[in-house]
Amino acid sequence: MTQYIHEPNRDLVAKVKEITAGPQEATPREDLANFQHVLSRKMRGVRFSRGVDNHTSCWVYYPHEKYARGIISVQHRDGERTYCVMSRVIKNNRYGPHSREHYMQWSKNLQTAVKKAAAALPEFSVTEIAAMNSSVYCSNRNEQLQKEEGKRREAVDKLGVSNVECPAFRCLAAMVKQITDGETKQLVQDTLLYNQNVGELRGSGESPMFVYVGQDRSERQIVTGLPVESIHEDSKNTPLRLEDDARPVRFTEGSEEYNELVGKLSVLSVAQLGDYVHGVGMRVDEDEFYVS
């Protein structure tokens with residue numbers, strides 16, 4: 001069986017480094033400050049962004065995490081103070097998915113609101129993070145695949161054979177070292193390389209491993225991988241598909257798998273975002289990778 005992974009609502013996704021950039025001196029309104037204070041006793045170590053929307057709402061985050069967990073706010077409904085939480089994991093089916101209220105829970109009682117907020121503001125999972133940039137990987141990989149197929153087609157045409165599977169090309173490939181004509185030999189070698197690249201992009205490139213390099217509360221580096229069955233660019237709601245038993249794997253520093261993976265990440269770390277590196281994979285964000 002296959003797991004279909006939904007991309008989180010982008011309106012409720014914010015990078016911690018972006019919401020904490022710039023001055024933080026804006027003071028939240030008193031009732032929001034009280035909500036923050038009580039919630040911080042429930043979620044130890046949690047922080048809050050500067051007040052927004054007239055200082056009545058803010059992002060909730062942990063400094064060591066990449067993404068903020070959600071939004072809390074204080075609103076007035078029917079003349080009464082209401083404490084609200086907005087999160088990607090909330091599904092309030094009294095409202096449609098295109099409504100803000102679909103992702104919102106609220107309570108007039110502060111203690112009840114704090115309990116709801118603590119339950120509805122989990123850390124982003126590796127699976128969720130993988131889904132958010134899967135379309136970038138898929139579109140760039142498809143673009144690279146088209147380029148490699150085009151170069152292979154052009155080289156095949158210059159050689160005067162029908163395709164790489166025909167007997168004529170197989171014969172040329174088998175005797176490439178004995179070919180004396182330099183131009184012909186180079187064309188055969190190029191065709192073999194393009195064909196190898198196409199095979200990789202259609203094989204391991206179609207089912208890569210997503211790797212996220214994050215931190216724990218002590219700011220120690222954590223490398224986590226997630227094997228991907230397939231990625232579909234044209235499926236915006238469920239772009240990522242996993243095998244039914246696929247689970248995130250944390251790589252232990254010093255292990256053979258860790259050392260091999262770190263070698264690939266080192267190559268991708270200096271590559272341009274979105275560039276597919278043959279035999280290695282692609283970097284889709286500063287700490288997010290798809291490894292072939």
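Modeller: Happy to! Two strands are counted as a pair if DSSP finds at least two bridges between them. Strands (E, at least two residues) and helices (H or I, at least four) are DSSP runs, numbered from the N terminus. Please keep in mind that this is a predicted model, in which local features need pLDDT of at least 70, side-chain atom pairs count only at pLDDT 80 or more, and totals for chains, interfaces and linings use all residues. Residues are numbered from 1 along each chain as its sequence is written, and side-chain values use heavy atoms, with hydrogens and water left out.

Let's visit the open sheet of six strands, whose order is β11-β8-β7-β14-β13-β12, with antiparallel pairing. At its edges stand β11 (249-250) and β12 (276-277), each of which has a single partner strand, so one side of each lacks a neighbour in the sheet.

On one side, β7 runs antiparallel to β8, and seven bridges join the two. One of the places to look is Tyr212, whose bridge partner in β8 is Thr224. The hairpin of β7 and β8 has five residues between the strands, and there Glu219 takes a positive phi near 65°.

Strand β8 itself covers residues 221-227 and pairs with β11 in the antiparallel sense over two bridges.

Helix α5 (residues 134-159) lies across β12, β13 (281-285) and β14 (288-291), and runs at about 140° to β13. Contact here means heavy atoms within 4.5 Å, while axes are lines fitted to C-alpha atoms, for helices over the stretch in contact, with angles from 0 to 180 degrees between N-to-C directions.

Finally, a word on confidence. The protein's mean pLDDT, the predictor's confidence in each residue from 0 to 100, is 88, and 91% of its residues reach 70 or more.
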